[in-house]
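This report describes a protein model together with its ligand. The sequence and the structure are shown first, and the description follows.

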Amino acid sequence: MRAVTYTQFGGTEVLRISDVADPVAGRGELVARVRAASMNPLDWKIRAGTMNLLAGKRFPKGTGFDFSGVVESCGPEVVGLKPGDEIFGQLSPFALGSGTFAEKCIARTTQVVLKPAALSFAEAAAAPCAGMSALQSLRHCQIGQGSRVLLIGASGGLGLFAIPMAKRLGAQVTAVCSGQGIDLVRRLGADVVIDRQKANPLALGQEYDAVLDLAAVSTFFACRHLLAPRGIYLNTMPGAGTLWSQCWTALFSARKARVLMLKPSARALEELGAMMAIGEVRPRVGRIFPLDVDSVREMHRLSQDGHVLGKLVLELPAN
Ligand SMILES: NC(=O)c1ccc[n+]([C@@H]2O[C@H](COP(=O)([O-])OP(=O)(O)OC[C@H]3O[C@@H](n4cnc5c(N)ncnc54)[C@H](OP(=O)(O)O)[C@@H]3O)[C@@H](O)[C@H]2O)c1
């Protein structure tokens, strides 16, 4: 089968389309024919070598971990799924293997659930990482009825899920974004929109119960003045600074700092799928690309530039 691989860390030029052996399902695993796979910032971070403590230095590596597709075969001890089922899910980003930018992939049954029929394969592939991350970020910040929420990076992959999810919980959402994102976040239900190219959201003297820096461009200490007395700040970038802020505020501050460390699960996927099935949350597909080397390099380049509007999705034909 064809798969995107690379044999060294580097720029987008290291990405290749290779012929690799068809995957074979082991115990508790299934092989899926990939119909769509979406790009996440972690994909280019791993390729660039900035995550090699987690990703390791063994090659070849594949790219992509979000996908939707059709179950082709099941290994021993697979229950609840069968060949022909349409599924979506998230593989481990750090596992050595062919990734989801490939004609087929291997998933454990805990990593996938049935795709809601109302969603296209492209929409379903756009959802797992960004949707589960938005869900868990809002939970970390204890968002509920009447919560005043500031979302930085509101028009990014996570933000476009977080806005309708926060509105569904009854929150008042202030969205920070720029350019074409402004109209989109308004349409998704943001109550207030701040164009970050015209105003500095950190200088606007408002108070929030939660500041979610989805774009990971600030710090707890830079945002502390925006937080209500028991407010929560969340950053999506696990690192020495953000983890230290989390520990420090756990001990010494009523205002808390949290760091998102996504724990994907079939349960979270089910929950996300249920919201998408009834249209409460709708994945936003920005652009669709075919499986060829120029397109895949373009997807990595656009994501790395950091201003994507709607998910970048690789789409593959049925056969
Ligand atoms: N820790 C975890 O478990 C976890 C899980 C998922 C994602 N993440 C991380 O979360 C981050 C966001 O992911 P994503 O999928 O939403 O990324 P994305 O789709 O690339 O969106 C990034 C957003 O950041 C905004 N942005 C860029 N520069 C900015 C700046 N200087 N100030 C304010 N906003 C800025 C962009 O908006 P403009 O168009 O306005 O520039 C864009 O909407 C990534 O770093 C990703 O790796 C972490």
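## Ligand shell

The shell around the ligand takes at least three residues from each of two domains, namely domain 1 (2–127 + 283–315) and domain 2 (132–259); these domain bounds come from an automatic or database domain assignment. The model is predicted, so local features are reported only at pLDDT of at least 70 and side-chain atom pairs only at pLDDT 80 or more, while totals for chains, interfaces and linings use all residues. Residue numbers start from 1 along each chain as its sequence is written.

The ligand is surrounded by 32 residues, of which the closest are Gly 156, Gly 157, Ala 215, Thr 236 and Leu 262. Two or more residues of the shell come from each of α1 (41–48), α4 (128–140) and α5 (157–168). Helices (H or I, at least four residues) and strands (E, at least two) are DSSP runs, numbered from the N terminus. By residue class, the shell holds 17 nonpolar, 14 polar and one charged. In this division Ala, Val, Leu, Ile, Met, Phe, Trp, Tyr, Cys and Pro count as nonpolar, Asp, Glu, Lys and Arg as charged, and the others, Gly among them, as polar.

## Helix α4

The end C-alpha atoms of α4 are 18 Å apart, which agrees with the 18 Å that its 13 residues should span at 1.5 Å a residue. The expected span is 1.5 Å times one less than the number of residues in the helix.

Helix α4 is mostly covered, with 10 of its 13 residues buried. A residue is buried if 20 or more other C-beta atoms lie within 10 Å of its own, exposed if 12 or fewer do, and partly exposed in between, with C-beta atoms placed from the backbone. The buried residues of α4 include Pro 128, Cys 129, Met 132, Leu 135 and Leu 138.

## The parallel sheet

An open sheet is formed by six strands in the order β11-β10-β9-β12-β13-β14, with parallel pairing.

Two strands pair if DSSP finds at least two bridges between them. Four bridges join β13 (residues 227–235) to β14 in the parallel sense. Tyr 233 is placed opposite Ala 257 of β14.

## Backbone exceptions

Most residues other than glycine have a negative phi, and most peptide bonds are trans. Gln 142, which is not a glycine, has a positive phi of about 55°. Gln 142 lies in the loop between α4 and β9 (148–152) and is partly exposed, with 15 other C-beta atoms within 10 Å.

Glu 77 also has a positive phi, of about 65°, without being a glycine. The loop between β5 (66–74) and β6 (86–90) holds Glu 77, which counts as exposed with 10 C-beta neighbours inside 10 Å. Phe 59 and Pro 60 are joined by a cis peptide bond with omega of about 0°, and Pro 60 is in the loop between α2 (52–55) and β4 (61–62).

Terms used. A residue is near a molecule or strand if its C-beta atom, placed from the backbone, lies within 6 Å of it.
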